[in-house]
Amino acid sequence: MSVVMPAPDPGTMRRRDEIVADMRLIVPGEGVVDQPTGMRVFESDGLTAYRQLPLVVVLPETTAQVSRILKYCHDRNIRVVPRGSGTSLSGGALPLEDAVLLVMSRFNRILDIDFANRAVVAQPGVTNLGITTAVQDQGFYYAPDPSSQIACSIGGNVAENSGGVHCLKYGLTANNVLGIEMVLMDGEVVRLGGKHLDSEGYDLLGVMTGSEGLLGVVTEVTVRILKKPEAARALLIGFPSSEEAGQCVADIIGTGIIPGGMEMMDRPAIHAAEDFVHAGYPLDVEALLIVELDGPGPEIDHLIGEVEAIALRNGSTECRISASEAERLSFWAGRKAAFPAVGRISPDYYCMDGTIPRKELPNVLAGMREMSERYGLGVANVFHAGDGNLHPLILYDANIPGELEKVENFGSDILRLCVAVGGVLTGEHGVGVEKRDLMPEMFTEIDLDQQMRVKCAFDPKHLLNPGKVFPQLRRCAELGRMHVHRGQMPFPDIPRF
């Protein structure tokens with residue numbers, strides 16, 4: 001691998017047979033996989049450029065088993081990497097050679113559907129789409145909808161704070177999770193939040209959402225469900241350039257219109273998606289916007305006229321309005337299938353994830369085009385335009401020596417540009433290993449130390465998912481070192497013991 005991971009602990013490696021045997025006592029039956037062939041399917045997540053077999057794979061079925069596994073590993077200083085469905089695109093679930101890979105896919109039941117409180121309690125292995133499927137007969141749905149919603153788990157959504165095409169209006173996972181049950185590294189089971197709107201005390205639920213498996217293992221999730229809008233219609237708008245489409249996005253939001261979803265695709269992505277899904281996308285445009293408006297029918301009719309006028313002022317050359325629910329869904333089908341569609345036009349692609357202020361869309365798109373020419377690599381752009389969450393897909397061939405390293409450099413330059421224009425390194429994919437070494441581009445050493453202190457409060461031994469997020473491993477004791485300057489301790493008037 002081109003990314004450097006923590007060196008395996010020799011003591012743990014020597015005790016592998018003992019650890020595997022003990023795991024079988026905790027999770028009997030077929031819940032432990034220790035042969036290389038069986039573990040091969042877990043060697044990477046959605047970021048398949050990096051692969052590593054784990055020490056052993058364990059698939060628990062109960063919270064009590066998770067608690068026993070974590071306590072066992074805590075007491076023996078064994079690393080643990082939590083994993084959901086493995087759809088992470090940042091290497092967040094990349095195994096370690098000396099770590100137990102804790103796979104939560106058998107936690108796959110919905111425990112409670114409470115329409116009165118508009119809440120669903122689900123185990124973390126339930127798929128994102130599975131929650132909507134369970135409540136749609138009563139006219140409800142779960143709003144965050146990542147493109148991988150048919151496969152990604154709700155526990156993984158919590159770990160990465162996943163979004164989706166409708167997060168502009170309805171929020172990311174953090175805005176739709178009400179409570180969780182989680183197990184700490186020492187085996188303690190705790191609950192945060194519940195069916196009520198806000199939790200008391202510190203916002204620990206907010207700390208856990210997006211924590212990428214570094215703080216605890218989620219074993220139950222309570223989410224908010226919403227009533228489906230009265231109606232929804234989508235506009236398919238074509239532009240002669242990505243810059244004009246980007247400006248249209250900024251102008252729509254600037255007028256106070258908040259669409260249910262607003263997505264953008266450039267020419268390579270448009271052609272790949274149309275060849276794959278046959279959604280009726282125009283092929284003679286450089287950029288395509290999908291703008292969905294939902295709510296009462298008269299309001300939608302008014303807003304459609306407003307959006308059409310804004311698009312025309314920005315040079316749109318084509319505008320189609322969905323005339324039926326089937327047509328609206330077909331507009332989205334191409335966007336939802338854009339990632340696999342791009343896989344048909346390139347041997348490999350590297351999916352990036354950065355977020356920028358909306359007004360910077362034209363500048364950043366122009367910058368990426370210049371980088372594409374400089375690196376000699378194609379790029380297809382598919383992203384959540386409304387909230388500035390970019391998903392450039394860098395096209396390459398992993399069989400060509402040195403090409404992956406070139407892609408990594410290209411991707412790093414894109415993310416540096418995002419930060420330079422006032423954006424952030426990630427919108428919904430997380431940091432994982434992909435952006436780990438870029439964290440100093442966005443955060444000072446003081447910032448990173450403060451984040452590490454949160455990690456130390458939950459996992460002082462650094463056994464949960466090490467090697468992810470933080471650019472260098474530090475012992476918790478190092479963060480507490482006292483700086484003595486010229487023999488004088490800071491705040492000398494404070495009593496010390």
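1. The buried residues of helix α10 (residues 267-277) are Ala 269, Ile 270, Ala 272, Ala 273 and Glu 274, where buried stands for under 20% relative accessible area, exposed for over 50% and partly exposed for what lies in between, taken with a 1.4 Å probe and protein chains only. Helices (H or I, at least four residues) and strands (E, at least two) are DSSP runs, numbered from the N terminus. These buried residues of α10 pack against β13 (261-266), β14 (287-295), α12 (325-336), α13 (338-342) and β18 (379-384), with contact taken as heavy atoms within 4.5 Å. Just after α10, His 278 takes a positive phi of about 60°.

2. A word on the basis of this note: the model is predicted, local features need pLDDT of at least 70, and side-chain atom pairs count only at pLDDT 80 or more, whereas totals for chains, interfaces and linings use all residues. Residues are numbered from 1 along each chain as its sequence is written, and side-chain values use heavy atoms, with hydrogens and water left out.

3. Five strands form an open sheet in the order β5-β6-β10-β8-β9, with antiparallel pairing; two strands pair if DSSP finds at least two bridges between them. Because β5 (110-114) and β9 (189-193) stand at the edges with a single partner strand each, one side of each is left without a neighbour in the sheet. On average, and with direction ignored, neighbouring strands of this sheet are turned by 10° against each other. Axes here are lines fitted to C-alpha atoms, for helices over the stretch in contact, and angles run from 0 to 180 degrees between N-to-C directions.

4. Going through the pairings, β5 and strand β6 (residues 119-122) are joined in the antiparallel sense over four bridges, and Ile 113 has Val 120 as its bridge partner in β6. Helix α4 (residues 63-75) packs on the sheet, where it touches β8 (177-183), β9 and β10 (217-224), and its direction makes about 50° with that of β8.

5. Strand β10 deserves a separate point. Seven of its eight residues are buried, so β10 is largely enclosed by the rest of the structure. With β6 it pairs in the antiparallel sense over four bridges, and Val 121 stands opposite Thr 222 in β10. Strands β8 and β10 run antiparallel and are joined by six bridges, with Ile 180 opposite Val 221 in β10.

6. For the charged side chains, a salt bridge is counted when a side-chain nitrogen of Lys or Arg lies within 4 Å of a carboxyl oxygen of Asp or Glu, and by this rule the count comes to 28 salt bridges. In one of them, Asp 75 is joined to Lys 71, with the closest N and O atoms 3.3 Å apart; the two are four residues apart in helix α4, and are therefore separated by about one helical turn. Asp 75 is partly exposed at 42% relative accessibility, and Lys 71 is partly exposed at 43%.

7. Asp 98 forms a salt bridge with Arg 79, the closest N and O atoms being 2.9 Å apart. Asp 98 lies in the loop between β3 (79-83) and β4 (99-103) while Arg 79 lies in strand β3, so the pair ties together parts that are 19 residues apart in sequence. Asp 98 counts as buried at 1% relative accessibility, and Arg 79 counts as buried at 17%.

8. In helix α12, Arg 328 and Glu 325 form a salt bridge whose closest N and O atoms are 2.5 Å apart, and, being three residues apart in the helix, they are separated by about one helical turn. Arg 328 is buried at 11% relative accessibility, whereas Glu 325 is partly exposed at 43%. Elsewhere, Glu 370, Arg 374, Asp 413, Arg 416 and Glu 441 are linked in a network of salt bridges.

9. Finally, a loop residue: Ala 151 lies in the loop between β7 (140-141) and α6 (154-160) and is partly exposed, at 35% relative accessibility. Leaving aside its neighbours within four places in sequence, Ala 151 is in contact with Ser 85, Thr 87 and Thr 127. From Ala 151 to Val 121 the separation is 30 residues in sequence and 18 Å in space, C-alpha to C-alpha.
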